[in-house]
Amino acid sequence: MRGLLLSMLISVVAFTTGCPQGPSKTFPGVTNSKSLVANMNSYLKAAQEKYAEALEDDPTDAQELAKQIRNDAIDDALAVIDDNYTDYIRNIESRRSRADFILDVIELGAGAATGITKGERPNQILGIALTAFRGGRKSTELNFYKQQTTPILINKMDDNRATVLGDILVKRDSPVRDYSIKAAIRDMVSYYNGGTLVRAFSELSKVTAAQALASQARVRHLSGPLTVSTIPSIPVARVFQLIDKQKISLARQRANAISASPPAPAGADPGTVTAAQALRTEKLEPVRLKLDTIWKNIQSSGKFDAAITSLRTDAGRNTILDNIDNAPASVTEQNYLTLLFALQSALNKDADLNRELLAILMTANP
Amino acid sequence: MGEQYKSYYPGSATLDETCRACLVEVLDGEPKKLMSVEGVIHDQEEGVEQKLNEATFEKDDDPMAILTMLNDFVFVDVSTPQGASDAAAASKGSTNIGGPGAQFSIWIEGVLTPVQILGKHTE
């Protein structure tokens, strides 16, 4: 009984004052964080060797000795990391923080790599180290503490650490075949790095980017009655393309006629002005005749009556329609084009009427 | 600047179908520009939601504007590197609707997808 009590006392003392075999942040004679990294690597290396020996003796780990070694290593490392983190946060909050904690990201990663590789999984751990190194270099260029971001960063670091810790606690119950000490070391490195400004910044950056994407993906909601148009078939679309070519052709003919008959220069004598006007009329005559024919055929067809009637609701178009009936000479090519385009709109994309219109256009403008 | 108006097309349509619908709208009647196409959700009665693509057009009152209006469109799904590459290749000689590099989130068969719209004028 005394022996048992003595054992318990020793255990309690060991757990409450720090594991004597584990890394100590207050390594005698050295107080900077490099001692932490060195001790951590040394401790993890020793734990890994013990773990390997235990597995060599009992490959299936039926006695769960290797698992115990692994879990002890996790507990010890977490305790030291937490202790270090608490000091660090206190320093940040009191604005007395030093940059060397940031550099720990590099050193722990690189140290872990040298301590545990032995030819197995070196790339993964080194990858962590290299990522952290890049982040570390970048972070040194930032003036963290002049910005009013400390609480946000601390919250993010807490969040990072809690996420990794949650994973570790779940895996902690796994047998060694599912969760090796190498994987545990990797998680401890992640846990440590999670409590650094480098990781806080990078994680915040990821979250911000994700939120930006989510915002982009946020779709506007509309309410009230809406008219949803049907998707036109390929043949119908083809009809519209052919009508468009006709419309462009007629407009192009007008544009070419105007280009070919420039107005008389300012201040020209009346004879020159008259001649220029006569030339333009002459040049425009072919397209004018086409447009006149097209409109007459539209009116005589009888199929477009409803559309023509609807055009009269617009004052400008009503005037053009009246002029076509009463003073055709005053109707310009531009008037005809305006009317023709408006008429097509008034057909409400009716496929048959658009085909009919296309036929009329192609007959007059082959 | 002429009158702007919007048309709505089913979000269940394919990209080609939405492109075709916008093309027909541009070609129909007065000259007009395709300004944008965006996926929206229409909250109907009884809590039913309908995915729609909202296309915005701008009319030009001058019929001669038809000589310069974009009347040939390509909608490119740029959600994949291949799509982005295709858009870059197709962009030569075309105008990117919405400005250089602009993308629109459009429903393609019910899935919101980034799309670049390239247009050109052909006679």
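Me: Which residues in helix 10 of chain A meet which residues in helix 14 of chain A?
Reply: First, the ground rules. This is a predicted model, where local features need pLDDT of at least 70 and side-chain atom pairs count only at pLDDT 80 or more, while totals for chains, interfaces and linings use all residues. Residues are numbered from 1 along each chain as its sequence is written, and chains are lettered from A and ligands numbered from 1 in the order in which they are written. Two residues are in contact if their C-beta atoms, placed from the backbone, lie within 7 Å. Helices (H or I, at least four residues) and strands (E, at least two) are DSSP runs, numbered from the N terminus. Here A:Lys290, A:Thr293, A:Ile294, A:Asn297, A:Ile298 and A:Ser301 in helix 10 of chain A meet A:Glu356, A:Ile360, A:Leu361 and A:Ala364 in helix 14 of chain A.

Me: How do I read the classes of the residues in the contact of helix 10 of chain A with helix 14 of chain A?
Reply: Ala, Val, Leu, Ile, Met, Phe, Trp, Tyr, Cys and Pro count as nonpolar, Asp, Glu, Lys and Arg as charged, and the others, Gly among them, as polar. The contact of helix 10 of chain A with helix 14 of chain A divides into 5 nonpolar, 3 polar and 2 charged residues.

Me: At what angle do the axes of helix 10 of chain A and helix 14 of chain A cross?
Reply: Axes are lines fitted to C-alpha atoms, for helices over the stretch in contact, and angles run from 0 to 180 degrees between N-to-C directions. The axes of helix 10 (residues 270-301) and helix 14 (residues 351-364) of chain A come within 9 Å and cross at roughly 145 degrees. Handedness is a separate label: a crossing is left-handed if the near helix is turned anticlockwise from the far one by less than a right angle, and right-handed if clockwise. The crossing of helix 10 and helix 14 of chain A is right-handed.

Me: What about helix 9 of chain A and helix 10 of chain A: roughly parallel or roughly antiparallel?
Reply: Angles under 35 degrees count as roughly parallel, over 145 as roughly antiparallel, 65 to 115 as roughly perpendicular and the rest as oblique. The axes of helix 9 (residues 234-259) and helix 10 of chain A come within 8 Å and cross at roughly 170 degrees. The two helices are therefore roughly antiparallel to each other. Their contact includes A:Leu250 and A:Ile258 in helix 9 of chain A, and A:Leu284 and A:Val287 in helix 10 of chain A. It divides into 6 nonpolar, 1 polar and 4 charged residues.

Me: Where does helix 9 of chain A meet helix 1 of chain B?
Reply: A:Ala237, A:Phe240, A:Gln241, A:Ile243 and A:Asp244 meet B:Arg20, B:Leu23, B:Val24 and B:Leu27. The helices pack at about 35 degrees, with axes 9 Å apart. The crossing is left-handed.

Me: How many residues does each chain give to the contact between chain A and chain B?
Reply: Chain B gives 28 residues and chain A gives 31. On chain B, the elements that give two or more residues are strand 1 (4-10), helix 1 (15-27) and strand 2 (32-43). Helix 1 of chain B has the largest share, 6 residues. By class, this side of chain B has 16 nonpolar, 6 polar and 6 charged residues.

Me: In what sense do strand 1 of chain A and strand 2 of chain B pair?
Reply: Strands of a sheet pair through backbone hydrogen bonds, either parallel or antiparallel. Two strands pair if DSSP finds at least two bridges between them. Strand 1 (residues 220-223) of chain A and strand 2 of chain B pair in the parallel sense over 4 bridges. A:Ser223 stands opposite B:Asp43.

Me: What is the strand order of the open sheet of 4 strands?
Reply: The order is 1(A)-2(B)-3(B)-1(B), with mixed pairing. Strand 1 of chain A and strand 1 of chain B stand at the edges, each with a single partner strand, so one side of each is left without a neighbour in the sheet. Neighbouring strands are turned by 45 degrees against each other on average, direction ignored. Strand 2 and strand 3 (residues 49-59) of chain B pair in the antiparallel sense over 11 bridges. They form a hairpin with 5 residues between them, and B:Glu46 in the turn has a positive phi of about 60 degrees.

Me: Why is strand 6 of chain B largely enclosed?
Reply: A residue is buried if 20 or more other C-beta atoms lie within 10 Å of its own, exposed if 12 or fewer, and partly exposed in between, with C-beta atoms placed from the backbone. In strand 6 (residues 104-108) of chain B, 4 of the 5 residues are buried, so the strand is largely enclosed by the rest of the structure. Over chain B, buried residues make up 39% of the 123 residues.
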